[in-house]
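Welcome! Please take a look at the model below, and then we will walk through it together, topic by topic.

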Amino acid sequence: MPLIPSFFGGRRSNGFDPFSMDVWDPFKDFQFPSSALSSSQETSAFANARVDWKETPEAHIFKADLPGIKKEEVKVEIEDNRVLQISGERNVEKEDKNDTWHRVERSSGKFMRRFRLPENAKMDQIKASMENGVLTVTVPKEEIKKADVKSIEISG
């Protein structure tokens, strides 16, 4: 059992290797009804749709890492007036009977992320673009008008 990970060779699955990147699945050998199995496969990519949300003085900017997904396979929608929804599906690679798989780590299936937008979002000016597997959604903000403060002279 190696105590140091191999950087040049393939990683071996070993539950006792402290450097192993494998995640132990305690339910791997249990038999579940097909409906439970299909729902877990459908949401397998759900957890992997990572999204950053930052706020600038001008806009709210969302960036989602969606490697290997074409822009036609992604939906950006506004629901319930102020909920931004990003969804899509990564299809499973076709299997050839002559291929031998040594490791499958890339997730496939449907993903969906939802974000409630703040009151200052300009809902009619949202823009989305996709470049190099990164989806960027820009939600401009309304300018907050500062109340006019008027000085009053104190007499007496």
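**A hairpin to start with**

Strands β3 and β4 make a hairpin, with 3 residues between them. In the turn, D80 has a positive phi of about 50°. Keep in mind that you are looking at a predicted model.

**How the two strands pair**

- β3 covers residues 74–79, and its pairing with β4 is antiparallel, over 6 bridges.
- To find your way across this pair, look for V74, which stands opposite G88 in β4.

**The nonpolar core**

- The largest nonpolar core is made of 16 residues.
- F62, L66, L84, I86, L135 and V137 are the residues with the most contacts inside this core.
- Two or more residues each come from β2 (59–65), β4 (83–90), β5 (109–116) and β7 (134–140).
- β7 supplies the largest share of the core, with 3 residues.

**A closer look at F62**

- Which residues does F62 touch, leaving aside those up to four places away in sequence?
- Its partners include V51, D52 and W53, along with L84, F115 and L117.
- F62 also touches L135, T136, V137 and V139.

**The second largest pocket**

- This pocket has a volume of about 460 Å³.
- Its lining is built from 15 residues, and those nearest its centre are R90, E93, R106, S107 and S108.
- What kinds of residues make up the lining of this pocket? There are 6 charged, 5 polar and 4 nonpolar residues.

Definitions and conventions:
Residues numbered from 1 in each chain as written. Predicted model: local features only at pLDDT ≥ 70, side-chain atom pairs only at ≥ 80, totals over all residues. Heavy atoms only, no water. Core = buried A, V, L, I, M, F, W, Y, C linked by side-chain atoms within 4.5 Å. Buried < 20%, exposed > 50% of the residue type's maximum accessible area, 1.4 Å probe, protein only. Helix = DSSP H or I, 4+ residues; strand = E, 2+ residues; numbered from the N terminus. Contact = heavy atoms within 4.5 Å. Pairing = 2+ DSSP bridges. 1 Å grid on protein atoms, 1.4 Å probe; cavity = no way out; pocket = protein on both sides within 12 Å on 5 of 7 lines; lining within 4 Å. Points joined across faces, edges and corners; volume = space filled by probe spheres on them. Nonpolar A, V, L, I, M, F, W, Y, C, P; charged D, E, K, R; others polar.
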